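Here is a friendly tour of one protein model. Please have the viewer open as you read.

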Amino acid sequence: MTTVTVRKNSAGAYTGFTCSGHSGYAAAGSDIVCAAVSILVINTVNSIERFARDEMRVETEEEDGLIDVSFPNEISREASLLVDSMVLGLTDVQKQYGRKYLILQFKEV
């Protein structure tokens, strides 16, 4: 299963997110849940980099299906909106395919 943990501070501002694991919905190359999650997460990272230009640290481990993003500073309104959009998409994927394949969770840090 894929787990996405979205981190927020006590004020409710995003501090980062981590996506890890493989959904197991189907065989590699045919897994539409894994593909959907990957597209949403990677597109968010790329969009923040290109359109919002907020500072972020990104770590990846392809074999483990890991993408870890942290924001060392408070992010802009634009970057926050992009993360909101990712969360919306992930919520829809979780509703469609179930928590057996995708867990979306929030953590206060």
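Which residues is Val-83 in contact with, leaving aside its neighbours within four places in sequence? They are Tyr-14, Phe-17, Thr-44, Ile-48 and Phe-71, where contact means heavy atoms within 4.5 Å.

## About the model

This is a predicted model, in which local features need pLDDT of at least 70 and side-chain atom pairs count only at pLDDT 80 or more, while totals for chains, interfaces and linings use all residues. Residues are numbered from 1 along each chain as its sequence is written, and side-chain values use heavy atoms, with hydrogens and water left out.

## The nonpolar core

The largest nonpolar core holds 25 residues, and Val-4, Phe-17, Val-37, Phe-71 and Val-83 touch the most other members. Such a core is a set of buried Ala, Val, Leu, Ile, Met, Phe, Trp, Tyr and Cys residues joined through side-chain atoms within 4.5 Å. Two or more residues each come from strands S1 (2-8), S2 (14-20), S4 (66-70) and S5 (102-108), and from helices H1 (32-52) and H2 (77-97). Helices (H or I, at least four residues) and strands (E, at least two) are DSSP runs, numbered from the N terminus.

Thr-44 belongs to helix H1. Thr-44 counts as buried because its relative accessible area is 5%; buried means under 20%, exposed over 50%, and partly exposed in between (1.4 Å probe, protein chains only). Beyond its neighbours within four places in sequence, Thr-44 is in contact with Phe-17, Leu-82, Val-83 and Met-86.

S3 and S4 run antiparallel, joined by 5 bridges; strands pair if DSSP finds at least two bridges between them. Glu-59 has Asp-68 in S4 as its bridge partner. The two strands form a hairpin with 4 residues between them, and Gly-65 in the turn has a positive phi of about 65 degrees.

In the loop between H1 and S3 sits Arg-53. Its phi is near 60 degrees, a positive value in a residue other than glycine. Most residues other than glycine have a negative phi. Arg-53 counts as exposed because its relative accessibility is 67%.

## The largest pocket

H1 supplies the largest share of the lining, 4 residues, and H1, S3 (57-61) and S4 each supply at least two.
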